[in-house]
Amino acid sequence: MDIIIQALINGLLTGSYYGLAALGLTIVFGVIKVINFAHGSLLMVGMFAAYWMVRLTGWHPYAALIVVVPLLFLFGYALQGILIKPILEGQRDVREPTEVIIVTTGVWYILDNLALMIFGAEYRVVQTSISGQIFMLGDYIFPKAQLYGLITTAVTAGLVLWFLKYTRTGMSIRAASLDRDAASLMGINQYRVYNIAFGIGAMIAGIVGCVLIPFYYVFPTVGVIFDVKCFIIVVLGGLGSIPGALAGGVIVGLIESTFSQYMTSTWTELIVYVVFLAVLFIRPAGLFGEKRDW
Amino acid sequence: MKKGEYYYRGYVGVLAAIVMCALVVGFEASSYAADENVVKIGNILPLSGPSASVGIQGQNARKLATEYINKAGGIKSLGGAKIVNIWTDSKGDPNVGVTAAEQLINTDKVHLISGAWNSAVTYPSTQVAERYGIPYIVPVSVRDTITERGFKYTFRIAAKDSWWARDQFLFLEEQKKSTGTKLETIAFVYENGDWGTGMRDQWVVLAKEFGYKVVLDEPYPSTSSDLTPVVMKIKTRKPDVILLTSNAADAILLTNTMATMKVKAKAVIGTGGGHADPMFRKNTGKNCEYMFDVVEWETDLNRPGIPDLNAEFKNSYGYDLAGESVDAFASVYVIADALERAASTDPKKIRDALAETRLCVGDNRLGIDILSYDCVEFEESGQNKHAGIILVQFREVDGVMERVTVYPAKAARKGFSAVFPMP
């Protein structure tokens, strides 16, 4: 068995769910033009939703998607509609309403602490039918839960791209993301578009939850572990770019898994940041980012 | 713009933390201000963040012990003074811990401080207490140097980490002899905080002394989202023995990933902390079977007071007592005893009384009678010289994964001995 090939496999598998976790962030940014600081908390909500579904019903984690995905979509839709919309309305003439950052930071604190209050600080892991199961290809190990995660990432990204490109709602989302005023003049209800975009972001967090729970633990501040990583991935890949988020995720995953075979794993974080800076130096808009006036 | 947002985030976090601390501390302090006949203990604990689970266990144990002592009449030599706990959340962050210590001493005027579980927080916050001359009880924080700075006001009840490491190696030596297993290579895998790196420094010296070849020396951040790379490294180096120092989340992740990646070793030994957390075996299930852990305390110890207290604790908080919670529980009794003898709330007098502490099992004090070692008595340095370590093995007993005491042999649970090497 060649350790580097195994490390590449692991990096690809890990990177794919990093990318999926960053996808929601990039979509929300692409449309509303503000960074959603509550993104990690949405991941946490998604993970808890998935955890409880599987825990209480004993379903396969991917069967739980049927309930978790609509639930999180509604959650994100309502969150945007109730909390963020008033700010956007108040900042009607501003292209990048930065006040939203503060609101999402508030949401982050409230959600994390609510979870701490309701569920307690302990770590929770649920044993599912795919936990710890592996698939061997020759000498190489593919943990099933992560392999399914890779497939889910590809399918989710494909569906989201298709939705944005070919459906009417998707087109109005893209229109609003290009210019909210012009889109409004064309008869697009921009706030509804934002609700949907936020809903999609939250929905993907729900998918991430279902992907992660067979092998990861859940606790109220689990989002913090992922969200710094998500920010790096999104900026690395290009803010607002869906392929960028996936590529960024895989790059970070590959760096972590391969470099750590030659140095202690604490140093790989440094490498991630060096690559991050180097990419921004050469391509300030990120790998797949487009040069726009914003 | 992007850069500004990152700063913004950190800034908001710090601000919110300060406001929250101020609110909590302010509220608790004001509600007791009217009653003068109290002794205030300021507790610095990780109540949120990666060590929150163990911090809250320590908080619960202190609450229960305080309740018992107050119910039994408080501190009699102080006219039945009640013990009052003031809680501050360190988040496991040294900076927050130091601020908390300053605040407890200056604003809340506490008589003693207790804490802080994370060695990285205990180390600087004891320094604050020393400067102000406020006694600081450390139930558990294993970093050696905490009691090696010539401090007069720091008292540690639990064993320090060089004793933990020493006993891990002594255990291996004993197993080598009794089972004839060949153990040549060793791997160190540890969280990259003060605690993990402190353990690692001890291991390096001991491995040399006992003739092991170190094949892996791997620190990792406790908040890693993925530990597969570390596990792959263990797999390729094929060590006979794996020594681990982990917090709860990473202990769970490492153990489950090692099982998935089919990593085998003759012995895998944890260093308390995350492995001692009840969450660990709940969340790893069969994956942790036959692993070893060193710990200062276990529910199956042969001490008469344990079953009742454990039942009460489990009833109130939903989980068993563990090393951390027992030392925290005992610490309140140590404090109460010192206050009783000091007959004063003057920090200097409390300190002198603490220095003369000699409490042994069988003195009919619940908090002391449940300890795994025989006495609490502080060295000149403030270290409890009787503190000791036991080794447990995760074993399935009647279908339930339990921690079974296997070393030293005389303390082992009846009918059990170590399964070595791990199957």
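1. Chain A of this predicted model contains 11 helices and 2 strands.

2. The overall form of chain A can be judged from its radius of gyration. That value is 19 Å, close to the 19 Å given by the globule rule for 294 residues, so chain A is as compact as a globular protein of that length. Along the principal axes, the C-alpha trace of chain A spans about 60 × 50 × 35 Å.

3. The interior of chain A may be described in two ways. Of its 294 residues, 55% are buried. Among the contacts in chain A with a separation of 6 or more, 77% are between residues 24 or more positions apart.

4. Chain B has 13 helices and 14 strands. Its radius of gyration is 22 Å, close to the 22 Å that the globule rule gives for 423 residues, so chain B is as compact as a globular protein of that length. A box of roughly 65 × 65 × 40 Å, taken along the principal axes, is filled by the C-alpha atoms of chain B.

5. In chain B, buried residues account for 55% of the 423 residues. Where contacts in chain B join residues at least 6 apart in sequence, 68% of them link residues at least 24 apart.

6. The two chains touch: 37 residues of chain B are in contact with 35 residues of chain A. On the chain B side, the elements giving two or more residues are α1 (2–32), α2 (52–71), β7 (213–220), α7 (228–237), α8 (248–260) and α9 (278–284). The largest share, 7 residues, is supplied by α8(B). By class, this side of chain B consists of 18 nonpolar, 13 polar and 6 charged residues.

7. One helix of that side, α2(B), also packs within its own chain. The axes of α2(B) and α11(B) (residues 323–342) are 8 Å apart, and the two helices pack at an angle of about 35°. The crossing of α2(B) with α11(B) is right-handed.

8. The residues that form this helix contact can be located in the structure. From α2(B) they include B:V54, B:A61, B:L64 and B:I69, while α11(B) contributes, among others, B:A328, B:F329, B:V332 and B:Y333. Taken by class, the residues of the contact comprise 10 nonpolar, 5 polar and 2 charged. B:R62 of α2(B) and B:E324 of α11(B) are also among the residues that make the contact.

How values were computed
Residues are numbered from 1 along each chain as its sequence is written. Chains are lettered from A and ligands numbered from 1 in the order in which they are written. This is a predicted model: local features need pLDDT of at least 70, side-chain atom pairs count only at pLDDT 80 or more; totals for chains, interfaces and linings use all residues. Helices (H or I, at least four residues) and strands (E, at least two) are DSSP runs, numbered from the N terminus. The radius of gyration is taken over C-alpha atoms; the globule rule is 2.2 Å times the number of residues to the power 0.38. A residue is buried if 20 or more other C-beta atoms lie within 10 Å of its own, exposed if 12 or fewer, and partly exposed in between; C-beta atoms are placed from the backbone. Two residues are in contact if their C-beta atoms, placed from the backbone, lie within 7 Å. Ala, Val, Leu, Ile, Met, Phe, Trp, Tyr, Cys and Pro count as nonpolar, Asp, Glu, Lys and Arg as charged, and the others, Gly among them, as polar. Axes are lines fitted to C-alpha atoms, for helices over the stretch in contact, and angles run from 0 to 180 degrees between N-to-C directions. A crossing is left-handed if the near helix is turned anticlockwise from the far one by less than a right angle, and right-handed if clockwise.
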